[in-house]
Amino acid sequence: MDHLPQLKDTSDPYPVVPFLGSTSSIDFSFHDFPSRHGWDQARLEGGDVQQSRDGREVAAFLQTWLYFGLLSELSAAASCEGLKKDYFVQQQGASQVITTRGLDQFIASRVKCIVRISNKKRSGELERLNSALDHARLMTDRLWALHRAHGNSFPLPIEITASIMVLGCTIDSALRKANITTPRRNWNLSKLAKSNMQMRGWCRRDISLADTYLSELSMYCVMHLRRNTAGQSHMRCTEYACDANQVDESNYITKHRTSGCQCNFWAVDPAKLQETISQGRIPYIELKRNTKANGIGLSSLQPSLQSFGNSIVEGPHNRLVIFSHVWSDGLGNPYQNALPLCQLQYFYDMLCDSPWEDVVGSQMADPSVKNPKSVPKSWRRWKRTQFNSPVKIWIDTLCVPLEPKTKKMAIGMLKRYYSLASMTAVLDGELTQLCHKSYTECELLLRIGLSGWMRRCWTMQEAIVAGGSLCVRFADGWFSLPDVVARLRKKNSISPHLMNDEQQATIKRMRRGLKCIILPLKGCIFVVTAPQMLCEWLARLICVKAPKAAWTAAQPAQVSIPPLTASEQLLEDAKSFFAVITDLCRGLPPQDPERTTVRIRRVALAWQGLSYRNTSKAPDRFINFAFACAKREADFALIRDVLFAQQSSEDRLRAWFQAQGHVPAGLIFMKGPKMDLPGYRWAPNDVHPAIIRDHAAAIVTNGGGKGPRAPQGSLQLQKPGLMFSGSVTLGTKTIEVVEGRNAKRYVVELDWETTSAGSEELRMASGLALVLSGDPLPDMSTSAALLANVVRNGYTYVGQFCCGAQAHLVRSGDTNRGETTDIMTGQWLAEEQVWIVT
């Protein structure tokens, strides 16, 4: 499997696949190969693969049929000649093994030929190819089950079965990349990978995260990564949350750099810190060398608490390096604003010669600038040490007070702190032990995406609101994350919204003044240069563009299919770990900053981004969610108001919903407990781990105008639905609704966990309706919500949220009722029916 990306630090290498057959040419029919060699294909697909044959004969036959047979069918579909076995088989010592070094190129060339074939001929060839892929996938299912049942006693080596899965998955991916219609097949590579990850001690949350964002082939590659889990127990981890990074403040221990260190703690004066926050100033820690130390027992570092106010002028005088860290690594302190001096010395040493703005200017600090005029590392350190230039840092352990009132004020001003970041430095215990310069880009992104830093709620909003570059610290230096992901920017689009009202007003006045000067100058320049520009445009049109267009039209159409190798696919999948952060860093459209669809999508992205993140304090989930959704100064002001006015997470979320006006309609279809308050029973009672699938706009009403049945907080949305008569008893699992007009049958599975405690009053619910996220299809569940006590109010239906549900359409002629206990007659309503859910 040498076409797969080669990862540096692995728990074991990719398996070596032995060649057991004797085929000299890959040129035979997949479909009649078993019968021509005396095998019963029906028994093979039923799981009887031995059929009283010798074990080696069985293994050789299965490899030749399933592996080389798929390659042969691919060549036949492309009308290409089969290749000799030497292209895929090489000598290794005394045995022969499969080599896939040229597999990507082989498949890409065949797929390109398939695209060029006429549609009529291509249809027949693709039908044969898809049939072969379907049979191969079915056989790998059988072989995988036999491997699990018999273990090493099964005659076919597990390496050969895995190689067939990888080949089938690679062919499917290439066909989809070329926009060739082909069924989506599950080759069980993800199941194989998850099983191996569990045996190697991976965290359940990391396995689930990888399975969500990575393709099957990438999952198979990632399962070979070596993880440094020393000292961590993942026994209590869940599918969405890692327990290893949770901290208990009652027995939390702030760590020194080394286990035997006995240095003193340096503490911030709490009264001075609270006064700084109360005055609206920005605190930071200034680290300088202690010139009076001289080896007499004094610390070589002199830290001090400093602060500055707002300024619209950005420069080294008000630029900070902000640390984003994981508390479980020992850099927190729940008892006082203090850290060991050895940790502060570590911060100073890592930043003393680092390329950030206060020493070398913004061009050097900008990772998007290729090969800038760099100042040597030794000179940067010399400048700071010779002139004792301070290092300015901000870290929550020292700069966020512990007193509740001023702590809320500091949290509300986090966006101001991060807007002044020259660099946001990511510190993670696992990553700081690795040397990143020897890794490939995709392996680096995989390790960052699966690190403890990506498991925490606070680190997501820190990455989103950071005004400077986002750099990850490794043992051998810094790695600029935006430089590789390429869609993040050093100065993200949130920064203009991170200033207070006075600053924004000053900026607007300056811009108006500049426009008064620049626009007349532009007009004069245009008048002078317009004739010359017109002549140049006509010359290009006549002499260059027109001949080029004519030449292109005369040439035959060229089919260009960019090859996507396994390494490129893994890199694209690894970038998807950061897709939510990337999208949340983007700005609102300048033509309409209030556009509802964009803001709703931002809410859905923020909810999704927190799905696999956790925090030791449950109320912090809402704070991080609200920060991720915020984009304007008004959004951050709302966060401050909600934090001071409300205490519980549910109250804060409810106040936030009410202030938004528009929210994603998918909130009503989400699993998990709901709020127990009339009007808000459709709403989740917390930011549960989930993905909002439906991004349609829904309105959170203010009450009134719809009568007493629609109190404040009711959700108004437009969705298809079913009205049906009868009643549902609390706890009923499944009901069946027969639509009278078209005689369609719908099976509805009720989820009583997706409800609130107040639904006890709906123990015998009547006047029922089903709000659907879309039209139900056969064999495909559609998310829905069951409403009770539904009444019609003009063109609107008003009802109480009862519970979540899943609905699907029953195929005509299917008489199997399963576990259905209640059968009701219903009426299909309009596709865009207006509902108000209380």
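Phe106 is buried, with a relative accessible area of 3%; here, buried means under 20% relative accessible area, exposed over 50%, and partly exposed in between, for a 1.4 Å probe and protein chains only. The model is a predicted one, in which local features need pLDDT of at least 70, side-chain atom pairs count only at pLDDT 80 or more, and totals for chains, interfaces and linings use all residues. Residues are numbered from 1 along each chain as its sequence is written, and side-chain values use heavy atoms, with hydrogens and water left out.

A pair of aromatic rings is described by the distance of the centres and the angle of the planes. Rings of Phe, Tyr and Trp (its six-membered ring) pair if their centres lie within 6.5 Å; planes under 30 degrees apart count as stacked, over 60 as edge-to-face and the rest as tilted. The structure holds 23 aromatic pairs. One of them joins Phe30 and Trp65, which are stacked, at 5.3 Å centre to centre and with 25 degrees between the planes. This pair links distant parts of the chain, since Phe30 lies in the segment before α1 (33-36) and Trp65 in helix α3 (residues 55-77), 35 residues apart. Helices (H or I, at least four residues) and strands (E, at least two) are DSSP runs, numbered from the N terminus. Both Phe30 and Trp65 are buried. An edge-to-face pair is formed by Phe88 and Phe106, with 5.2 Å centre to centre and 85 degrees between the planes. Phe88 is in the loop between α3 and β1 (89-92), whereas Phe106 is in helix α4 (residues 103-116), so the pair ties together parts that are 18 residues apart in sequence. Phe88 is also buried, at a relative accessible area of 1%. Phe30 and Trp65 belong, together with Phe33, Trp39 and Phe61, to one aromatic cluster.

A charge sits over a ring if NZ of Lys or CZ of Arg is within 6 Å of the ring centre and within 35 degrees of the ring normal. Arg473 lies over the face of Trp478, at 4.9 Å from the ring centre. The charged end of Arg654 is placed over the ring of Tyr680, 5.8 Å from its centre.

On a 1 Å grid over the protein atoms alone, a cavity is a set of points where a 1.4 Å probe fits but cannot get out, and a pocket is an open set with protein on both sides within 12 Å along at least five of seven lines; lining residues have an atom within 4 Å of a point. Grid points are joined across faces, edges and corners, and a volume is the space filled by probe spheres set on the points. The largest pocket contains about 880 Å³ of space. Its lining is made of 35 residues, of which Trp327, Lys407, Trp458, Lys617 and Asp620 lie nearest the centre. Two or more lining residues come from each of α15 (396-399), α16 (404-412), α17 (414-419), α19 and α25 (620-629), and the largest share, five residues, is given by α19. By class, the lining of the largest pocket has 16 nonpolar, 10 polar and nine charged residues, where Ala, Val, Leu, Ile, Met, Phe, Trp, Tyr, Cys and Pro count as nonpolar, Asp, Glu, Lys and Arg as charged, and the others, Gly among them, as polar.

Five cavities of 30 Å³ or more are found in the whole structure. The largest cavity holds about 140 Å³ of space. Of the 14 residues that line the largest cavity, Tyr213, Met454, Phe577, Gly609 and Arg613 are closest to its centre. Helix α8 (204-213), with α23 (579-585) and α24 (596-609), supplies at least two residues of this lining, and α8 gives the most, with three residues.

Helix α19 also contains Met460, which is buried with a relative accessible area of 1%. Met460 and Arg613 are 153 residues apart in sequence and 8.5 Å apart in space, C-alpha to C-alpha. Contact means heavy atoms within 4.5 Å; not counting residues up to four places away in sequence, Met460 touches Ile581, Ala606, Gly609, Leu610, Arg613 and Ala628. Gln461 lies in helix α19 (residues 457-465) and is buried at 1% relative accessible area.
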